[in-house]
Amino acid sequence: MKLKPSYYPFVLLCFVALSAIPVYAQKQPAAKSADSKLVQLSGVVTAPNGVSAIPYATVRLIHTFRGTIAGTDGFYSLVVNEKDTVEYQALGFKAVRFVIPTGITNQEFNHNTSLPRDTFTIAPTNIYANLTPEEFRRIFLSLHPNEDLTEKAKKNLDQQTMRQLYESLARDGQESQLYQLQQIASSAYYAGGQTNYNLLGNGIAVPSSLLNPFAWAQFIKSIKEGKYKKKDDKKKKDQQASPPNFDY
């Protein structure tokens, strides 16, 4: 079939368009592969002195939703591409940006960042109480401006107040330990005169009577009165003292 001469420009235009598609398809993957080189970026985020780590700093790629958070030691690690812009942020510090360089031979790249401090100046704020005259008078009279420090100390050191605080408060660890050590020392001191003492128990040991002068005086008096003599000797003595019975 023979085409009309009027269709020649249209056919030529379609031929040029179809021949340009393979050339664009060959060049496009090459450019994409050059931009998609992945790099493992890692480092430490520190304060301006370069020594103190900034915990939980934010590391993100701008214009994307990708990023990470540094640990308590300031260390971070993130997979990025070459020519990506990384932004470091932390509360109280100014944000810092870093562009990943090109031509990195190794897949790992280390970059430590120091963030400058950011100071915020807040305008002063005055707070005024909106009180009625009656409320102001009641609060002013409750202040007791004429009360000196001596009167305040007497109220704080009142015996009844101190006793209530003493009874309401429980022993702390140090007081409980001191009380237990005192009980152990007391039991060990009086242990020589006891046979039923409990050294590590809750009972309190009773002092021995061997060193008690009142106990010794009572013991000597009982000996003189004959309370510790045998029953046979006492019966014999009673028989000798009684008059004979002559009833036959």
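Trainee: Lys37: buried, exposed or in between?
Mentor: Lys37 counts as partly exposed, at 31% relative accessibility. Buried means under 20% relative accessible area and exposed over 50%, with partly exposed in between, using a 1.4 Å probe and protein chains only.

Trainee: Where do these values come from?
Mentor: The model is predicted, so local features need pLDDT of at least 70 and side-chain atom pairs pLDDT 80 or more, while totals for chains, interfaces and linings use all residues. Residues are numbered from 1 along each chain as its sequence is written, and side-chain values use heavy atoms, leaving out hydrogens and water.

Trainee: OK. What does the Lys37 side chain meet?
Mentor: Lys37 meets Glu82 in a salt bridge, at 3.7 Å from N to O. The term covers a side-chain nitrogen of Lys or Arg within 4 Å of a carboxyl oxygen of Asp or Glu.

Trainee: Where in the chain are the two?
Mentor: Glu82 is in the loop between strand 4 (75–81) and strand 5 (85–89), and Lys37 in the loop between helix 1 (8–35) and strand 1 (38–46). The pair is 45 residues apart and links distant parts of the chain. Helices (H or I, at least four residues) and strands (E, at least two) are DSSP runs numbered from the N terminus.

Trainee: And Glu82, buried or exposed?
Mentor: Glu82 counts as buried because its relative accessibility is 12%.

Trainee: How many salt bridges does the structure hold?
Mentor: Three. Arg60 pairs with Glu87, with the closest N and O atoms 2.8 Å apart. That pair also links distant parts of the chain, with Arg60 in strand 2 (residues 58–61) and Glu87 in strand 5, 27 residues apart. Arg97 forms a salt bridge with Glu87 too, at 3.2 Å between the closest N and O atoms. Arg97 is in strand 6 (residues 96–99), 10 residues from Glu87.

Trainee: Which residues are linked in a network?
Mentor: Arg60, Glu87 and Arg97. Glu87 is buried at 6% relative accessible area, Arg60 is partly exposed at 29%, and Arg97 is exposed at 52%.

Trainee: Changing topic. What lines the largest pocket?
Mentor: Tyr166, Leu169, Ala170, Arg171 and Glu175. A pocket here is an open set of points on a 1 Å grid over the protein atoms alone, where a 1.4 Å probe fits, with protein on both sides within 12 Å along at least five of seven lines; lining residues have an atom within 4 Å of a point.

Trainee: How much space is in there, and which classes line it?
Mentor: The largest pocket has about 180 Å³, a volume being the space filled by probe spheres set on the points, which are joined across faces, edges and corners. The lining has three nonpolar, no polar and two charged residues. Ala, Val, Leu, Ile, Met, Phe, Trp, Tyr, Cys and Pro count as nonpolar, Asp, Glu, Lys and Arg as charged, and the others, Gly among them, as polar.

Trainee: One more residue: where does Ser222 lie, and what is it in contact with?
Mentor: Ser222 lies in helix 6 (residues 213–224) and is buried at 6% relative accessible area. Apart from neighbours within four places in sequence, Ser222 is in contact (heavy atoms within 4.5 Å) with Lys227 and Tyr228.

Trainee: And the secondary structure of the chain, what does that come to?
Mentor: Seven helices and eight strands. Of its 248 residues, 15% count as buried.
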